Amino acid sequence: MKTNDIILQALLQAEEEKKACALATIVQTVGSVPRGAGSKIVVFADRSIIGSVGGGSLEMQVIEDALHCISNKESIFKKYENHVDVGGDITPCGEAAVFIECFEGAPELVVCGAGHVGAALIELAAALGYFVTVVDTRDTDVTREHSKKAGRLVIADSFSKGIQSLATPQGTYFMVCTYDHEHDFEALGAVLGKDAGYIGMMGSSGKISSIFAKLRSLGFREELLESVHSPVGLDIGGQTPNEIALSIMAQIQMTRYKKTGLPAKIAVQQQPKGL
């Protein structure tokens, strides 16, 4: 298969899987560079790549900038110098102009536990356009039925192993709602090691206090624990799994769009007035 066909196939697969990526293309070269105009590389948020713009330090710079573009949801045009080692002296020998185009994937939500609330959350998040990954330790028909709307189901020996196995992009949303306190503790500990955009955990005040105390004893910083949304969700009322899922997704949406959660009428009134 030709290189351009491989690149196109990778982009189509990324779109199908709702994965964010960046396509870097050399559009012009001057002097000596490893690859010519038209060379392409696809960079994913987990640092995996397909294609090449020449390898070496030039390609590493392009990859780092592509990752920055994915994180900031932006495209850039930039010139890169190619260098050569002549008797120990590193000197420029050419230049490549590269266009890096960002393709935004769906926001990713990892749901730890496919119980009743987890199932309602999975369905609502999928309807809102999220790519949902479910992590659970129970390989049952119920787990699979509850995860039908998820893009990925990970069955692992433990929640810790399942979460750690995920190559999640920066800013991924996580929700811990497993089937007992010990698994919540284990899952939250693993999630706190991720570069998350949101972490929520279901539980009563007593349960939260107990789990946080155990995590403190393991050396987790207070500011990290304070970033966990627990009790989780917005205070909009309701006790059914669907109602709880709605309050959680409302909070995730508020976090995603950097909003206040206030009624729209009040939020509009608080906006600065134009001149």
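Analyst: A search of the whole structure finds zero disulfides, a disulfide being a pair of cysteine sulfur atoms within 2.5 Å. In general terms, such a link is a covalent bond between the sulfur atoms of two cysteines. Cys-112 is in no disulfide, and the nearest cysteine sulfur, belonging to Cys-177, lies 7.2 Å away. Cys-112 is buried, at a relative accessible area of 0%, whereas Cys-93 is partly exposed at 26%. Here buried means under 20% relative accessible area, exposed means over 50%, and partly exposed lies in between, with a 1.4 Å probe and protein chains only.

The model is a predicted one, in which local features need pLDDT of at least 70 and side-chain atom pairs count only at pLDDT 80 or more, while totals for chains, interfaces and linings use all residues. Residues are numbered from 1 along each chain as its sequence is written, and side-chain values use heavy atoms, with hydrogens and water left out. The term pLDDT denotes the predictor's confidence in each residue, from 0 to 100. The chain has a mean pLDDT of 93, and 98% of its residues reach 70 or more. Helices (H or I, at least four residues) and strands (E, at least two) are DSSP runs, numbered from the N terminus. Where pLDDT is low, predicted coordinates should not be read in detail.

In one of them, the side chains of Arg-47 and Glu-64 meet at 2.2 Å, N to O. This pair links distant parts of the chain, 17 residues apart: Arg-47 stands in the loop between β2 (40–44) and β3 (49–51), and Glu-64 in helix α2 (residues 56–72). Arg-47 is partly exposed at 45% relative accessible area, and Glu-64 is partly exposed at 37%.

Another salt bridge joins Lys-214 to Glu-182, with the closest N and O atoms 3.2 Å apart. Lys-214 belongs to helix α7 (residues 205–217) and Glu-182 to helix α6 (residues 181–191), so the pair ties together parts that are 32 residues apart in sequence. Lys-214 counts as partly exposed at 32% relative accessibility, as does Glu-182 at 45%. Glu-145 and Lys-148 also form a salt bridge, their closest N and O atoms being 3.1 Å apart. Glu-145 is partly exposed at 46%, while Lys-148 is exposed at 58%.

Attention may now turn to a nonpolar residue. Leu-23 is located in strand β1 (residues 21–31) and is buried, with a relative accessible area of 9%. Leaving aside residues up to four places away in sequence, the contacts of Leu-23 include Ile-7, Leu-11, Val-42 and Phe-99, where contact means heavy atoms within 4.5 Å. Leu-23 and Ala-66 are 43 residues apart in sequence, yet their C-alpha atoms are 7.7 Å apart in space.

Phe-99 also forms a nonpolar surface patch with Val-27 and Phe-77, and together they have about 280 Å² of accessible area. Phe-77 is found in strand β4 (residues 76–86). Patches consist of residues with over 30% relative accessible area and no salt bridge, like charges being joined within 9 Å and nonpolar side chains (Val, Leu, Ile, Met, Phe, Trp, Tyr) within 5 Å. Accessible areas come from the Shrake-Rupley method with a 1.4 Å probe, and for residues only the protein chains shown count as cover.

Technical notes
Salt bridge = Lys/Arg side-chain N within 4 Å of Asp/Glu carboxyl O.
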